[in-house]
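Here are my notes for your first look at this protein. Keep the structure open beside them and find each residue as you read.

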Amino acid sequence: MAAYSSSSGLEVLLSSLQNAGDADSMLNILNVLDELLSAGTDRRIKNMISKGASEALLTALVNTGGRSSPDYTVLLPLLHLLAKVGHRDRRIGVKAEDAGAVLLTLNLLKQNIKHARRAAACLWVIQVFSSSVSTANLIGQNNGLDVIYYLIPPYTTTHLHTIKAGIDTLAALLRTKANVCAVVSKGFICGLLQLYEDWHSKDTGHLAIGIRLALLRCLHKATRNTGARQTFITHGGIRILYQTTHKCLLSKGLESLVELSVQLMRKCLPKTPLPLTSDQSVYSFPLPGRPQDTPDNDAAADESWEESDDEMAEGDQEEDNKDKDFDDDLETDLKNLCFRPDPDKPKGLLAGYSQLCPELSHNFQELDLSSEPEESSTASSSDEEALLFNTFPSHPIRKERMRSNARSESSLSSSWSKSENPTEGHAAATEDLEGCDFHGNTNILSSSPNIWTKGRETGGKPCPGCNGDEQDNEEEGEHNSHHHTIVDRLLEKHGTLIPNHEPKLYRAAAIQTKSIPGFNILAFPDFWGHLSPPGHEPMAPRKPHIQRQKVFEDVQRFLNPDDIINQVVFDLEDNSPQCLSERTSDSLRFFSKFECGNLRKAIQVRRYEYDLILNADVNCSQHTQWFYFEVSNMEANVPYRFNVINCEKSNSQFNYGMQPVLYSVKEALDGRPHWVRSGTEICYFRNKFCSAQGRKRTTFYTMTFTVTFKHIEDVCYLAYHYPYTYSAMTAHLEVLQKSVDPAKVFFRQQTLCNSLAGNACPLITITACPVSRGWKDMHQLRNRPCIVLTARVHPSESNASWVMKGTLEFLCSSDPVAASLREAFVFKIIPMLNPDGVINGTHRCDLNREDLNRQWSKPDPVLSPTIYHTKGLLHYLNSVGRTPLVFCDYHGHSRKKNVFLYGCSVKETLWQSGSTVDTVGLKEDPGYRTIPKALDRIAPTFSFNSCNYLVEKSRSATARVVVWREMGVLRSYTMETSYNGCNQGIYKGLQIGTREMDEMGVNFCHSLLSVAKDVTEVYSKKLINHITLDHNVIDHNSHNCFDDDEPPCVEEIEYSTDYPGLTVTELDSDVDANTTRKDDEEEEDGHKGVKHPQARFRHSTIKTHMFPQLINQGSIEKKNTCNGVSNTNGQFMN
């Protein structure tokens, strides 16, 4: 009843306002409404608007302001209240047009340009009306832009509130394309720039910061399209802002001016195409069944980008994206969530996958023999492999490959390769080797079979009956012997004692690896190996305003182009002698033509600064984030700045303490073979580069960092994250295969299939050998549940491989927990789902230019063979009653910290999406949370609160969702490991290194004990000493970490294409200030003949060069008539 009475009372007030005949009644009603508005909550204000408050105020305005002599004692508070209410009403502009109040208010402004308070009130109302595009255009069409613009004078100390209101209103009108174009054509941008410069130089006491901010906001609005920005640049806008900003930095309290100026400079810097001949990747691969030269869809050029890059539309689109609720992506259809489709392969075809379950067919005859175990327990049967390859045909790599031209830049290494007697001085050469001698393009670390071996085909032995050139063979043999001896001596001298890594085995594996360009050089870190550095590496502190500093340096490039070297020092597409000779002797040398390498181009910008451009994924024109390259010819203790200028992700952990990794050859030879986190002054922000071919809506980001090298003429490697190559994986599997006891560990390496380029995708089976061949032991083996683990479907997520390395080493170890897991489960492990992508240094895709983790619903057997056959294996296990107990796909995450799991839950998805489905009667096994809970107790890097179990529509074709939905695997996970580090627990504030990733792989294995079928059997007494899942084991407080996503970066990553207008609070404050001002000022201005700021402006000494085409006698005397109001000689009268 009270609510009804209150509502009725409001309606009575609004009705009385529209029909009030005397001034006192209207003032009383306005006072009551203003008090309600001031004391009201948002809900009450919305209720006022819904009851017609805006319409009532507009009607009162038309009735009062339309008179020949308006009563301003009523009209002024009416305008003030209308501005406040209208700012909260999204449809106020349309309502004002319907009521006929728009042009009426504009005419009131024209009549009161000499009355500061009245003019300010009119300006605020016009500003509010301009929230509607049509209303803003209407005002612009009726000379509103000219009227308001001429109200803005050069520096003055009077009527500041009115001047600010005029600037804010002009900015509000510039929300439309038509008004922006009009401002450009009228030359207002030049005038606004000069006004800002004038106010900046004369406001020495910083009393008019609000005016200066308003001018900057107005310039932001005025430069929303290409033509406006070009006009801004032509009139020296960037130089003016650069100079004024540096002056502002000298004074305290001007941070708001600095930030807004920096944003405006970033926005107006001209777009610069990447200095590439094409956006397409340097590497291409002919796809079966597709034309060879067909570019990907995103590569289509948009030739009109210069004309069509109006960022108004872009800004609107960004707002739409922000408004789009995350919950919209959640699957809300219960049928889709519970639907389990039939296998996409006939059961007859699934039988071939039985060969991938050797533990079911192996007879373990060696258990009855006292002699040495037979080789077949640890090696693939040739008959089985033949059957597999017949069942799963591979697609050989193309015969024509790009050549990887060798350079000869390292003087020391070149000198002994040219020696007439290659065997002379071997010992001396080995003793004198330095880091610079291992330049990646020398033959010391060549993977060419002609250098390391006489050929795979001959197995290192001469072919009987060969009639080739014997002399050439002898010389080649001596050459091979020379290099072989040097490497042997080097290994003997330095003795790389890296666990589970053998350099010679790595080289042998690299020889077998097939790459698109035909890599024949080994990167030293991959060959030599990596040891985790002692101690932990903390996250890098972010220097205050470091991004601003880098932006200023980039602006200097534009302002002082003559200071820029702009010399290409490395080009993946051009290794001609001319390109190499053009490099300056003091420039860094770059190289990336090795496995996993990615650097397309390096450009020397300044003496110690380089722009780096990454290569897109194979057959693509996008997906640029991963980098791995060699750098040499450096000076010691000199900071070098590197700018990776074509990153694509909109944010990165590089803004939150993450560092790239560095490997020094000299440090490695001195006994410190470490990838270490390195780099200072790191930040990640949007830049002004665009695609070389003008792809529409292409946005690039700069990842900039500074490295100070310790040693002169060292050879160093820099990478996005710890590299892990395909050859490293294959060599590691060979080491593991040799390390296990075949009498206890059943370790079988098979080929799941061949990749598009012909590289084998290995499948590893690990379990415990039965105690005997007795029926009971064999039955227990045949009925062990399966656990399927996969990794590296995204090539750049090398952290997934390091975690998988930890898992594999643990499962092959003699640890009692590992032994119990082998006795309880059969592990099927595919450590690298995307071999070709990893080998060729891509970021996201396979050679088919598709994200393989979006192909699981219907994988193509030809274009996505690894996914097709992995899914086939899972279907086979499902068909024979061996559905995996756990499936986990290892990934890396670039946006979050810690390690966490994504799972699948029907109930949690429905709850989160706000679905109306009644979940009370819906039964769901909560076992999907068992492993995350176990990990939360035992894994320091793991964050339980970062996990979620939601099924999103956009993830419906990922491994996690498809295996859960189609195979019915309850515990189907994606495990995400941060590229950065942890923000909770004992590793809080530390970056995750290879030691921690290895530990995470072990901890994941430990967590599997929680799902063992017979817990009492697995938890033997001896195991309790090694692991327990009790709540008190390791409490790293992840349950107190509720902020999963990163907070906004301390500096704006994006530059604003638009700038928001005044907030409700700001407008209310301005209006209230105008309400409390004394009337004396206005009366004095009117009766004592004091000139209005506009008059001072018109007689200013700078008027002729500020607005030459606008402020002239012709334009002022030009007569315009609008609703009976005449504008002549700048005087507005009835």
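**Notes on the predicted model**

1. **A charge over a ring.** The charged end of Arg686 sits over the ring of Tyr1055, 4.4 Å from its centre. Keep in mind that this is a predicted model. Another arginine is placed in a like manner: the charged end of Arg118 sits over the ring of Tyr72. Here the distance to the ring centre is 4.0 Å.

2. **Overall make-up.** The protein has 1134 residues, and 57% of them count as buried. Its secondary structure comprises 49 helices and 25 strands. Take the contacts with a separation of 6 or more: 80% of these are between residues 24 or more positions apart.

3. **Confidence.** The mean pLDDT is 81. A value of 70 or more is reached by 75% of the residues. Residues 370–431 have pLDDT below 50, yet the model gives this stretch 113 contacts beyond near neighbours in sequence. Residues 449–476 also stay under 50. For them the model has 24 contacts beyond four places in sequence. Where pLDDT is low, the predicted coordinates should not be read in detail.

4. **Aromatic pairs.** How many aromatic pairs does a search of the whole structure find? The count is 37. One of them joins Tyr610 and Phe642. This pair is stacked, with 6.3 Å centre to centre and 25° between the planes. Tyr610 belongs to strand 6 (residues 609–613), and Phe642 belongs to strand 8 (residues 639–647). The two residues are 32 residues apart, and their pair links distant parts of the chain.

5. **Is that pair buried or exposed?** Tyr610 has 0% relative accessibility, so Tyr610 counts as buried. Phe642 also has 0% relative accessibility, so Phe642 counts as buried. The cut-off for buried is under 20% relative accessible area.

6. **The second largest pocket.** This pocket holds about 650 Å³ of space. Its lining is made of 26 residues. Closest to the centre are Thr272, Asp554, Arg557, Asp611 and Phe689. Which element gives the largest share of the lining? Helix 30 does, with 4 residues. Elements that each supply at least two lining residues include strand 1 (272–273), helix 30 (546–559) and strand 5 (601–606).

7. **Arg548.** This residue is in helix 30. Its relative accessibility is 6%, so Arg548 counts as buried. What does Arg548 touch, not counting residues up to four places away in sequence? Its partners are Leu249, Glu255, Val258, Glu259, Val262 and Glu1051. Look also at Glu1052, which is 504 residues from Arg548 along the chain. Their C-alpha atoms are separated by 9.4 Å.

8. **Cavities.** A search of the whole structure finds 9 cavities of 30 Å³ or more. The second largest cavity has about 100 Å³ of space. It is lined by 13 residues. Ala510, Phe519, Ile521, Leu522 and Glu595 are the closest to its centre.

9. **Helix 41.** This helix covers residues 959–967 and is mostly covered: 9 of its 9 residues are buried. Which are they? They are Ala959, Arg960, Val961, Val962, Val963, Trp964, Arg965, Glu966 and Met967. In an α-helix there are 3.6 residues a turn, so residues three or four places apart point the same way. After helix 41 comes Gly968, whose phi is positive, near 70°.

10. **Positive phi without glycine.** Glu713 has a positive phi of about 55° although it is not a glycine. Glu713 is in the loop between strand 13 (701–708) and strand 14 (715–719). Its relative accessible area is 45%, so Glu713 is partly exposed. Asn898 is not a glycine either, and its phi is positive at about 75°. Asn898 lies in the loop between strand 19 (886–893) and strand 20 (899–902). With a relative accessible area of 1%, Asn898 is buried.

How values were computed
Residues are numbered from 1 along each chain as its sequence is written. This is a predicted model: local features need pLDDT of at least 70, side-chain atom pairs count only at pLDDT 80 or more; totals for chains, interfaces and linings use all residues. Side-chain values use heavy atoms; hydrogens and water are left out. Rings of Phe, Tyr and Trp (its six-membered ring) pair if their centres lie within 6.5 Å; planes under 30 degrees apart count as stacked, over 60 as edge-to-face and the rest as tilted. Buried means under 20% relative accessible area, exposed over 50%, partly exposed in between (1.4 Å probe, protein chains only). A charge sits over a ring if NZ of Lys or CZ of Arg is within 6 Å of the ring centre and within 35 degrees of the ring normal. pLDDT is the predictor's confidence in each residue, from 0 to 100. Contact means heavy atoms within 4.5 Å. On a 1 Å grid over the protein atoms alone, a cavity is a set of points where a 1.4 Å probe fits but cannot get out, and a pocket is an open set with protein on both sides within 12 Å along at least five of seven lines; lining residues have an atom within 4 Å of a point. Grid points are joined across faces, edges and corners, and a volume is the space filled by probe spheres set on the points.
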